[in-house]
Amino acid sequence: METSRDDFVIAIRSAFLKKGTQQRFSLLSLIFFSLVFLILGSLNFKAISYLKTVINEIVYRSSFIVSGPENFIKNNYLIVNDHFNLYEKNKRNIDELNNLKGKDLTQKIITLENIKYKKLIDEYFLEDNETVAKVLIDKQSPFLRSVIINKGSKNNIELGMVVMDEGFLVGKIVDVNFFTSRVLLISDINSKIPVSIQPGDIQAIMSGKDKKKGVLQYIRDINLPKTNEKMLVLTSGAGGLFKSGIPIGEVNIDEDLLDDNKDRVVNFYRDFTQLKYVKVVSFSKAKNLLDISSKDDAKKLEDKIKETNQQQETLRVLLEQKKIADEIRAKIQKDNDFLRNERVRLKKEILAEKKINQQNKTQEKEIKFLKMNLNYGHKCRKSTFNNLYKVGTDEYRQCVLNKGLKK
Amino acid sequence: MNKIYQNNIQNIIYKNIPIILLFISVLNEFDFNNLGLKYFSFNFSYILIFYYSLKKSESLGYVYIFIAGLFNDVVVGTPIGLSSLMYLILCGAAAYLRNITLSPSLIKDCIFFLITILIINSLLFMILNLIYDFELNYFEKIINIIWTFLFYFLFSFIFNFFEHYFTGRSNAS
């Protein structure tokens, strides 16, 4: 008992205290170091934090290098996978393209119709001056939300011009210098924009409130459609200040929109603190008096609409035809398969029939021979008194079939 | 002369393969310990450390194991020093087994390995759960232990083969 305990102690001591060959530290000292690291690390000891930072730096760089081959294999696998899926992807893309083509044509028709009607009511605006400008100063003042751009009267910038960022309304020019101009952002409390809320075409005035938010004021009529989607806020074009239909932001339909005592908040599409380049645009009404030339224009437009309609119809018909052709092809394919199988089956049957016929013929011959053998066998059989044929030989058979020896 | 030099480099590489493997397994983004599969994960580092500490203790220096543990902690995000502690306890267990073993057998090694990783994982679980408030899944841990144990057989054959054919030393201990 004593000896086994001694052995255990010796083995443990040897394992934890003895330094092996090429070992600089004993196991116990390293375990001690680990515990120290663990305890000091949990106490947020500064030296451990530094050590952790150093190890982090080493590990992140080394990990990047070590993971290189694996990432290379992973990327190649993805490329190969992509390659194999190319056919399916292509097929899907073609379907999608056809679908989008149809939609595109529909949209084209709607746009053209829209232009036509706007022209009829003398409401169609054209961009007649467009300048791209860089935002020079964007000082975050709590009182006035405005930015300075690097284009001024030298570049034909005028007061009241509309400032846009990727098609979204940003503000308007309020101050023009020779080289620079000031843009009053729509997020400014002084900015009052006539807007319409879609769907529903609800008219309102929007004023700035926050960096990313506006607030709707003077909503006249709230007949909100029951929809789960967000409502879009666009310029209404009322007052002739802005062209109608420039997107501004969206409104969440909730209790706030119906409650008069709460702010109806508009979330802008653009973040005005991140503006770098903007587009300064002025719009002018398309001259569209109902004279002969405008009538010609309307006719041209109508022709265009008709043509586009026809294209859409043709596309629809083609798609329909393709669908039918595909169905027919599938059906023919199915019939073809069935016929092929039938042919193989019939071939097999014919072969079997042929075999049976052959067997029958052989049997018939044999029966005929046996019958004749009964009658004429004695005329051909070899015996001690004649020198005829041995039974079973071909000559004997021939002799029987000839009803005896031919003279 | 050139051939001798080449052979020397080859020998050095073969000799240090365990250390290289250990650091790759610790630093690589692809971790067998966290494959994202529900019923499959195993700790390759444990197998490697136990095998080489048991069979060829001079191949894996304790200091390297300690550093690999620190790296593992940084990569995995566990408190620094914890993995080192676990690795070193594993080394200690392997060294103890080496000292008491007269006739080595794979089954005995595996059973001892299973007991050791059960103790280590329990310790790890206790430290992480009770002291550091880490949320750990019992079931995943058990799955990990079982697979680690089962893979020890496979990897011990692979390492034996490697030692025999590449470095020319079969398991001598």
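Predicted model: local features only at pLDDT ≥ 70, side-chain atom pairs only at ≥ 80, totals over all residues.
Local features need pLDDT of at least 70 and side-chain atom pairs count only at pLDDT 80 or more, whereas totals for chains, interfaces and linings use all residues. Residues are numbered from 1 along each chain as its sequence is written, and chains are lettered from A and ligands numbered from 1 in the order in which they are written.

**View 1. Packing of α2(B) with α4(B).** Helix α2 (residues 44-55) and helix α4 (residues 82-100) of chain B pack at about 35°, their axes 8 Å apart (helices are DSSP runs of H or I, at least four residues, numbered from the N terminus; axes are lines fitted to C-alpha atoms over the stretch in contact, with angles from 0 to 180 degrees between N-to-C directions). Residues meeting here include B:Tyr46 and B:Phe50 in α2(B) and B:Tyr87 and B:Arg98 in α4(B), contact being C-beta atoms, placed from the backbone, within 7 Å.

**View 2. Packing of α4(B) with α5(B).** The axes of α4(B) and helix α5 (residues 106-131) of chain B lie 10 Å apart at an angle of about 155°, which makes the two helices roughly antiparallel (angles over 145 degrees). Among the contact residues are B:Leu82, B:Met86 and B:Leu97 of α4(B), together with B:Phe112, B:Thr116 and B:Ile127 of α5(B).

**View 3. The contact of chain A with chain B.** Chain A gives 31 residues to this contact and chain B gives 28 residues. On the side of chain A that touches chain B, α1 (2-17), α2 (27-42) and α3 (46-66) each supply at least two residues, and the largest share, 10 residues, comes from α2(A).

Technical notes
Contact = placed C-beta atoms within 7 Å. Parallel < 35°, antiparallel > 145°, perpendicular 65-115°, else oblique.
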